[in-house]
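Q: Please take a close look at one helix of this predicted model. How is it placed against its surroundings?

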Amino acid sequence: MLRYIYGSKLDDHPVLADSMFKDRATQFRDRLGWDVAVDAQGYERDEYDAHDPLYVIWQRPDGRHGGSMRFLPTTGPTMVNDYFADLLQGDAIQSPFIWECTRFCLAPGADGPIAAALMLGGGEVMRGFGVTQFVGVFDARMVRIYRHIGASPDVLGSSGTGREQISVGLWNYDQTDRVQVLARAGISSALSEHWYARSFGEKPSKLAQRAA
């Protein structure tokens, strides 16, 4: 199932949090070879985990992490503005309607439907919080994944070539995208809204109506 959890509430979900940060270390340090910090617990965490981000997490039936993403409003500290402004010709992306998405992580053995479910969860966040776009930094391996689940971004800038290419992308999301991602994930609209309501008390469609 999809879970929506703020960083300040992760302690209420110790198994889920423990497996998420360990899976992040496996993916980013061990498999991709990124220069990331891993602590004595085997957790991959960075400075942005300390800013109470909203995590969208796929929870497996055993309670462990299957995949996750991290969201922060661009009105505060973000990776794209702090470290990748050169890919945007020095411009900053700051808007209450644009959030940053980072640390897209899949647990070992996770499949395409889980990746699609995470994208679905991101779309539900957009609907519920009145967010119009997500911005994020991604590497070359993600291009195929995004294309497969029907969630390719508009590329704002890139550096490097081939497997070493790093890009900043901007994602839009509309009802057509949602229908496509629901199908890719194999999840009904009603179930997705139910999962969201478990975390926030109302379905994203109702929250969006209130914000309009």
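A: **Helix H5 and its setting**

In this predicted model, the largest nonpolar core comprises 34 residues, and those with the most contacts inside it are Leu-2, Trp-58, Phe-71, Phe-104, Leu-118 and Phe-134. H3 supplies the largest share of this core, nine residues. A second, separate core has nine residues, among them Leu-16, Ala-17, Met-20 and Ile-57. Leu-2 touches Ala-117, Leu-118 and Gly-121, and also Val-56, Ile-57, Trp-58 and Trp-195, leaving aside residues up to four places away in sequence.

Helix H3 (residues 112–129) also meets helix H5 (residues 175–185): their axes come within 8 Å and cross at roughly 145°. This crossing of H3 and H5 is left-handed. On the H3 side the contact is made by Pro-113, Ala-116, Ala-117, Met-119, Leu-120, Glu-124 and Arg-127, and on the H5 side by Arg-178, Val-181, Leu-182, Arg-184 and Ala-185. Sorted by class, the contact of H3 with H5 has eight nonpolar and four charged residues, with no polar ones.

Within H5 itself, the buried residues are Arg-178, Val-181, Leu-182 and Ala-185. Seen down the axis of H5, the buried residues fall within an arc of 105°, and therefore line one face of the helix. Their cover includes H3 and helix H6 (189–200). Thr-176 and Ala-183, on the other side of H5, are exposed. After H5 comes Gly-186, which has a positive phi, near 70°.

Technical notes. Residues numbered from 1 in each chain as written. Predicted model: local features only at pLDDT ≥ 70, side-chain atom pairs only at ≥ 80, totals over all residues. Heavy atoms only, no water. Axes fitted to C-alpha atoms, helices over the stretch in contact; angles between N-to-C directions. Helix = DSSP H or I, 4+ residues; strand = E, 2+ residues; numbered from the N terminus. Left-handed = near helix turned anticlockwise from the far one by under 90°. Contact = heavy atoms within 4.5 Å. Nonpolar A, V, L, I, M, F, W, Y, C, P; charged D, E, K, R; others polar. Core = buried A, V, L, I, M, F, W, Y, C linked by side-chain atoms within 4.5 Å. Buried < 20%, exposed > 50% of the residue type's maximum accessible area, 1.4 Å probe, protein only. Arc of directions from axis to C-beta.
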